[in-house]
Amino acid sequence: NRLLSLADSDYPPQLLQSADPPALLYAKGRVELLSRASLAIVGSRDATIQGCANAEAFAEALSHAGLTIVSGLALGIDAAAHRGGLRGEGSTIALIGKYKSREISESLCLLARDLQRRGIVVLIERTTAENSASPEILAWESCDFEAIGARADLAIVLGGDGTMLNVARQLARSGVPLVGV
């Protein structure tokens, strides 16, 4: 477990250069992944079976090519991207924003535990250090897409509904090049 501040040498360089870098990151897992070349894969929580299969296959192939997969650890496309990323050498980073304790599905708890062992889970703290000394890393409210975009070298957005268009706008604000599928 690591608490990373803006002054920490392990703080992700891309995130540090963003317009509004989070003051604190609580990291559990392989911190060295934060400095590697990365690709964000995000999409619908209510994805089709084919959409999840595509995300998992893209992530696995790109991870085998050495890229670290970045996503938000939500159901659907995000979870599929993390599963694929874990099967390659590049592994995966789960960025979680807006901390708030609440129950999550058992499947995401198991995936988060696997990420903590073989990838990394990062809790983004944008306001205060309150609760960050020992937060329940498996609980969150929602994903921080601008932080995901700031951390990635390229982003793939899977799905075309209104929610995904909003996600694409948030990623675009971070300056990351986008690919829509």
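This report describes a few residues and helices of a predicted model.

## Basis

The model is predicted: local features need pLDDT of at least 70, side-chain atom pairs count only at pLDDT 80 or more, and totals for chains, interfaces and linings use all residues. Residues are numbered from 1 along each chain as its sequence is written, and side-chain values use heavy atoms, with hydrogens and water left out.

Helices (H or I, at least four residues) and strands (E, at least two) are DSSP runs, numbered from the N terminus. Buried means under 20% relative accessible area, exposed over 50%, and partly exposed in between (1.4 Å probe, protein chains only).

## Helix H3 and His82

His82 lies in helix H3, residues 77-86. His82 counts as buried because its relative accessibility is 0%. Leaving aside residues up to four places away in sequence, His82 touches Ser71, Gly72, Leu73, Thr92, Ile93, Ala94, Leu111 and Leu115; contact means heavy atoms within 4.5 Å.

## Helix H4

Leu111 and Leu115 are also among the buried residues of H4, with Leu108, Cys109, Ala112, Asp114 and Gln116. The 13 residues of H4 (residues 106-118) should span 18 Å at 1.5 Å a residue, and the end C-alpha atoms are 19 Å apart, which agrees. The expected span is 1.5 Å times one less than the number of residues.

Ala168 is found in helix H6, residues 162-173, and counts as buried at 19% relative accessibility. Ala168 and Val157 are eleven residues apart in sequence, with their C-alpha atoms 6.8 Å apart.

Ala19 sits in the loop between helix H1 (13-16) and strand E2 (24-29). Ala19 is exposed because its relative accessible area is 88%. Ala19 and Gly175 are 156 residues apart in sequence and 9.9 Å apart in space, C-alpha to C-alpha.
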